[in-house]
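Please take the two chains below together, and follow the account with the model open beside the text.

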Amino acid sequence: MIKHFINLEWKAFTRSASFKVNLALKILMIIGAFFMILYALGLGVGAYYIIEEMVDPDPLKIINQFLIFYFIVDLVFKYFLQKMPIVNIKPLLYLPLKKNQVVRFGINKTMISFFNIWHAFFFIPFSIVLLIEGYSFINVLGWHLAMLALIYCNNFINIFVNSKDRVFYAVIGVLVTLGALLYFDIFDITQFTAPIFSAFYTLPYLAIIPLAIAYLLYTMAFKYFRKNFYLDAGLAKKVDIAETDNMTYLDRFGSVSTFLKNDIKLIKRNKRSKMTIFMSVLFIFYGLLFFTGSIEAYDGPFWRIFAGIFVSGGFLFSFGQFVPSWDSAYYPLLMSQNIRYKEYLESKWYLMVIATIFSTILASFYLYFGWQAYIAVVVGAIYNIGVNSHLVLWGGAYIKTPIDLTSAKKAFGDKKSFNVKTLLLTIPKLLLPMVIYAIGHFAYNEILGFALVAITGLAGLLFKNKVFSIIEKIYKSEKYKTLVAYKQTN
Amino acid sequence: MINTSNLSKTYNNNTVLKIDNLDIPKGQSFGLVGNNGAGKTTYFSLLLDLIQPTTGHIKNNNVLVNESEDWKPFTSAFIDETFLIGYLTPEEYFYFIGELRGQNKADVDALLAQFQDFFHGEILKQKKYLRDLSKGNQKKAGIVAALIGNPEVIILDEPFANLDPTTQIRLKQIIKDLAEKQGVTVLVSSHDLMHVTDVCERIVVLEKGNVIKDLETNPATLKELEAHFASGATVSQEEE
C-alpha cells in the first residue's frame, strides 16, 4: 500500500508544471538548491564560531535566546508556503482503502516536506560543532531532540492554522509586537524563553516534554482529519463570501474604468495578487538598507537612485511585469470580446501610477535620513511613472506564464519570467537612471543629477502612446502563442 | 452569414479538421455533433480566432475572422470556463461583459430579468464568486453572458452538458426563440442527439475532422443520427 502512495507522490512531483522546464533551467534549479543547502550547512557550522568570535563566548546561550523568533518565523514560512496535502486525498476517498491509512499518509507526508528537512542542515552541523567543542553528548542530544520535536510541533500546528487566516494574522501581530518591544528595550520575551531552551541542554531528559507535545499534536491532527474526512467538512474548499462593490468613484476615469474596476477586484480577491501588495510594502522599506548606510557597498551616490526606484516602484515591478498574465485564466474571453487594447493597457498603467504615488507618499519617512534620501524617492517615482511603467508593460507582453490566481505559490519570482528580452529591458529600468544621475552628480552637483533623472522621466511620458501601440502589436502578433501557453495551467 | 472555405487545421501532420465548404445562413440554428475528437471545439475556436487555420478561412458576415477583428462586436460565445472571470460575482461579470458590448447597467438588468426562470434563483444575489458556483450554474451564467448586447451570432459549445433537465428544456426554448424570432444565427455543439434535433434546423455530423453528414432536421433525423452513431459503435467493436 505504502508503495502505491509513494509512487503517486513521485509522479505528482516529477510531473508538476514547475518541473516542465527545459534542461538548462532544471540544472540551474538543482545548482540553486545545492547552494541553498551549502549555505545552511555553512551557517550551521559557522554560526558557532562567528558568535563565539563576535558576540559571546557561549554561542549556545545566544542561540537559545533567539530560538523563539526562529520558531515563529518558521511557522510563518510554513503557513505561507507549505501546501496542505489533505486536499489531494480526494481521489482516494472512494477507493477501497482504510480511512485511517489515507489520513495517516496525508499527515506523514507533511513531515517529510522540505520545510522540515531543511532545518536539519542547520541543527545537525551545529550540534556536531557543539560536540567537537566539548559540550557533553547527552546534553547536546537532549537539546537536539527537543529542537527536532519543536519543528514538528510547528508542522502540526500549521496543519490546524492553515485553514484559519485569523489565527495566522494574530500570530504575525504578536511576533511584530514582541520584536518591536525587544528592539526598544521595553520588554524582552527572550528573557523568559531563553531559560526554557537552555533547560533542554542542562536537563536533557526534559526533551521528553516537546517530544510528547509533538506526539500529542500529531494524534490531535489525526483525529481532527479522521473526524472531518468528508467532502463537506475537512476536505471542503473554502468558499469566500462575495462582496459586491460597484466602485462608482472610479467612473471618473471614463472608458478605462471598466477595466480599472476589474483590476482592483482582481487584486483584492485573489491570494496571488494580494502578494503584490505585500511585496510593494516590503520594497518601501528596502531603501533603509541604502539610506542608513548599513551596507558599505551601497554607499556610492548613484545607489540612491537605485533605492528610490525600488522604494516607489515595488508595486509597479511586481504587478506590471505580469501584465497580461494576470488575466490568463480568462484570456480566451478577452480575445473574443470587443476589447480595446489601449483601454486595457491604460487601466493597468493607471493602477501602477496610483500605486507609485501612494508608495511615494508612504515613503515620506525617508525625510528623516535627509532631504536627498526623499528626493531620490520622489525622482525615482517620476522616472517610474514616466519610463518604467511603459517598460514593464512592454516586457510583460513577452511573458507567457499563466498565473493561478488562487494560490500564493510562486509569488517569489518565476523562472519563466526571466528571458533574454525581459532581461534586456532591465537595463533602461535600473541602470539608465543611475547613469543619468551619475553624469549630473559628477559633472556639477547632486541637484543636477536629480533634475536630469526627473526630466528623463517626464520626457518618457511623451512616448506613452507610441509604446502602447507597440505593445498592442505584440499582443496581436503573439495572440495564438499566448492562448496556447495560458492553456497549460497545471 | 458564416462561410467556411478550404478550412483545415493540422497539428504535427495530424489533420484534426478539414472542411472544404460550409455555409451557415443568417438566422439558422445550426447544430454540430460528433464523437470526442471530431473537431467540434476546434471549429468553434477557429470561428473565434482563438487558433490559426492551417489553410483556408472563415468569413463571419463577410469579415475574415483571422485577419480583421470587426466580427467581434456582433459575435459572442461561451466555450468553457475560460470565458468566465472567477473572482467576479455573476452580476459583476454580466455588467463587465455589458460594458464591453456597449450596454449600460439598465440594459443588462432588463436582459437578466428575462432569465429569472432560467437562473432558478441560484445565480443572482448569492454572495458567491463565479469560481465558487457549481459547474452547472457557471454554465448558466456563461450562456446568459453570451446573450448580452444583442449579438447576431452566438456560439455555444456543449451548452446542455452539466445542466439539469429543467434548465435543458428552458435553454432549448431560449435557443429556438433566438433563431426564429430574433434572426440570430446560433451555433451549438452537443453529444446529445435528442437535444440537437429538438433545437436545430440543420445538423452537421463531424467525424475525425470531416463533414460526413449535413442534414435538414425533420422527424426522421433523430433516427438517422442514432443509426449512424450506433453503426460507428459496431464498426469499432469489429475493429477491436
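In helix α10(A), the residues A:T258, A:F259, A:L260, A:K261, A:N262, A:D263, A:K265, A:L266, A:I267 and A:R269 are buried, where a residue is buried if 20 or more other C-beta atoms, placed from the backbone, lie within 10 Å of its own, exposed if 12 or fewer do, and partly exposed in between. This is a predicted model, in which local features need pLDDT of at least 70 and side-chain atom pairs count only at pLDDT 80 or more, while totals for chains, interfaces and linings use all residues. Residues are numbered from 1 along each chain as its sequence is written, and chains are lettered from A and ligands numbered from 1 in the order in which they are written.

With ten of its 13 residues buried, α10(A) is mostly covered. Its buried residues pack against α11 (271–286) and α15 (341–362) of chain A together with α2 of chain B; helices (H or I, at least four residues) and strands (E, at least two) are DSSP runs, numbered from the N terminus. The 13 residues of α10(A), which covers residues 257–269, should span 18 Å at 1.5 Å a residue, and this agrees with the 18 Å between its end C-alpha atoms, the expected span being 1.5 Å times one less than the number of residues.

The contact between the chains takes 23 residues from chain A and 26 residues from chain B, two residues being in contact if their C-beta atoms, placed from the backbone, lie within 7 Å. On the side of chain B that touches chain A, the largest share, five residues, comes from helix α2 (residues 90–100) of chain B.

Chain A has 20 helices and zero strands, and of its 490 residues 33% count as buried. Its mean pLDDT, the predictor's confidence in each residue from 0 to 100, is 79, and 83% of its residues reach 70 or more. Over residues 410–418 of chain A, however, the pLDDT is below 50, although this stretch has eleven contacts in the model beyond near neighbours in sequence. Where pLDDT is low, the predicted coordinates should not be read in detail.

Leaving aside residues up to four places away in sequence, A:V453 touches A:I305, A:V379, A:Y383, A:P433, A:I436 and A:Y437, and its C-alpha atom is separated by 8.2 Å from that of A:I382, 71 residues apart along the chain. In chain B, with the same exclusion of residues up to four places away, B:A145 touches B:F78, B:Y93, B:F94 and B:I97.

Chain B also contains paired strands, two strands being paired if DSSP finds at least two bridges between them. Strand β1 (residues 2–11) of chain B pairs in the antiparallel sense with strand β2 (residues 14–24) over nine bridges, and with strand β4 (residues 55–60) over five bridges. B:I2 stands opposite B:I24 in β2(B), while its bridge partner in β4(B) is B:N60.
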